[in-house]
Amino acid sequence: MNDTSDPHFEVAVIGAGPGGIAAAVKLRQAGIDDFVVLERADEVGGSWHENHYPGLGVDIPALAYQYSFARNAGWSRMFPLGAEVKRYHVEVAHRFGVHERVRFGARVDREEWDEDGGCWRLHLADGDVVTARFLISAVGAFVRPKEDVGIPGARSFKGVVQRPSSWDHDYDLTGQRVGIIGTGASAVQIIPAIAPRVGHLTVFQRTPVWTLPKPDFPIPAAAQRILRIPGVQPAVHGSALVVIDLALRAVVGLPGGVMHPLMDRFDAACQALYRRYLARVVTDPRTRQRLTPNFGVLAKRPTMSNSYLQAYNRDNVDLITEPIEKITRTGVRTTGGTLHGFDALVLATGYEVFSDPETYRPGTILGRNGFDLAKFYSEEGLQAYQSVSVPGLPNRWTLVGPYSWTGSGWHAFVEMTADHAVRAITETRRRGAAVCEIRKDAADAYHRTIYRRGASLRYYLAELNAHVPTYYRNSQGDTTYVRPSGFFEARRGNRRFPLDDYRYETRTPTQNRQYS
């Protein structure tokens, strides 16, 4: 039975990033006001609050990186910087009455279904327990920074260690010898931001990254006035979604015999064009060769920057591709025996991602009859009905789950998954039920369809580009990051799923279950 001292809510939302804010707004719009948002940090915004490294900014246009219910005509740039994006999320949270519902400093370490109580018991890091009838997990795509960077001696460095997720701005990099490990999305922004002021910058690269020109510019006041006209922003964003939708539908809809050769030719053509682009922007032929990817443009997250590649033309920037042997007290030793000494070391080594089974720790998400989500994902592979619900986890939905990304901005797809959760909660309440759980037969049928339709994505990521490390392909060789359907099909699926795909139980803790 529940400890009556535990704070109890009808709905608990884990995370106050873009997804958690969306879920909270949708709950309020549905007339569900008894909820709490549990946030581990001290402010809303998720990654946009926790990350504040030099050069931070969005890599998709602002018009595609905002809520449909809170469109902003006042963006200062086509690709805003991180501080502006964070302010947007904080303002939205205040405007829609979400901020007042957030419990800050509340890190959820374990989610446990209480069968007798018909609710979720959320065990916090500080020892408190919060109970809720319904649970929405909005922890996002990049769940936590990798604690283990996979390099011997990582904790032995005695200089200053910087991470994108915990940047110390009090440390002055001016004139310092700085090393940075990693060339992913964060590093692509950090490197050109700090290169002009450090004494020397050494970049350690395992895999080159595709870096395309970024069409970034200040948005003129006249354009902002146009964007304030009702219907303009939805039309512009909608037209972009149509293009994305058609492209993804072609990839998953055309037969493999047609699509696979097209993918081969597409990659070859893109690589040829990129080599020409590199020849224009990188002066040193040896550095240019090291920066040339030997994989497709969509096999690993591509980046956008007008200054990353150009940073390697600076006299104080070196690119090292020799593998790292270990990190020492004073620097980084590569396999050839060279010791690179540093005053500061930036570990831009990535995050644990929602699409990898290893991200889910055993014993942290526990459902009915001993169901452990980590064990299920490890043994059966990542899967969830419409990306949000899993049999064995009643009254629970996740906003960024297996096969969820549809090529759109994050806000568009967390809105649709939040709509799914709120629709299921609303139907459960309408029926006077205590519990709803996705039916196993419905979840299995959905997964069979999604897996079958993902054949071409698996070919592209697990065969054609199997040699490149990428979080688009997980450790099980599956492509659970991307949903193999068009955007609009995904939105319809989450907003109009058959309500009877769920099983509803009307019972009290002391009554037998009755199913509908």
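Okay, let's start with a glutamate: Glu111 is buried, with a relative accessible area of 8%. Before I go on, keep in mind that this is a predicted model.

So what does Glu111 meet in a salt bridge? That would be the side chain of Arg396, at 2.8 Å from N to O. Arg396 sits in strand S20, residues 396-398, and Glu111 in strand S4, residues 108-114, so this pair ties together parts that are 285 residues apart in sequence. And Arg396 is buried too, at 6% relative accessible area.

Glu100 forms a salt bridge with Arg28, with 3.8 Å between the closest N and O atoms. Glu100 is in the loop between helix H3 (82-95) and strand S3 (102-104), while Arg28 belongs to helix H1 (residues 18-29), and the two are 72 residues apart. Is Glu100 buried or exposed? With 60% relative accessibility, Glu100 counts as exposed, and Arg28 is partly exposed at 28%.

Arg430 and Glu427 are both in helix H11, three residues apart, or about one turn of the helix. They form a salt bridge, the closest N and O atoms being 2.8 Å apart. Arg430 is exposed, with a relative accessible area of 60%, whereas Glu427 counts as buried at 8%.

Helix H11, residues 410-430, packs with helix H14, residues 487-495, at an angle of about 20°, and their axes are 8 Å apart. Angles under 35 degrees count as roughly parallel, and H11 and H14 are therefore roughly parallel to each other. On the H11 side we have Ala412, Met416, Thr417, Asp419, His420 and Arg423, meeting Phe487, Ala490, Arg491, Asn494 and Arg495 in H14. Sort the residues of that contact and you get four nonpolar, three polar and four charged.

Last stop, a sheet. This one is open, with three strands in the order S14-S15-S16 and antiparallel pairing. The edge strands are S14 (324-327) and S16 (339-341), each pairing on one side only. On average, neighbouring strands here are turned by 20° against each other, ignoring direction. S15, residues 331-334, pairs with S16 over three bridges, in the antiparallel sense. Which residue in S16 is the bridge partner of Arg333? It's Leu339.

Methods
Residues numbered from 1 in each chain as written. Predicted model: local features only at pLDDT ≥ 70, side-chain atom pairs only at ≥ 80, totals over all residues. Heavy atoms only, no water. Axes fitted to C-alpha atoms, helices over the stretch in contact; angles between N-to-C directions. Helix = DSSP H or I, 4+ residues; strand = E, 2+ residues; numbered from the N terminus. Parallel < 35°, antiparallel > 145°, perpendicular 65-115°, else oblique. Contact = heavy atoms within 4.5 Å. Nonpolar A, V, L, I, M, F, W, Y, C, P; charged D, E, K, R; others polar. Pairing = 2+ DSSP bridges. Salt bridge = Lys/Arg side-chain N within 4 Å of Asp/Glu carboxyl O. Buried < 20%, exposed > 50% of the residue type's maximum accessible area, 1.4 Å probe, protein only.
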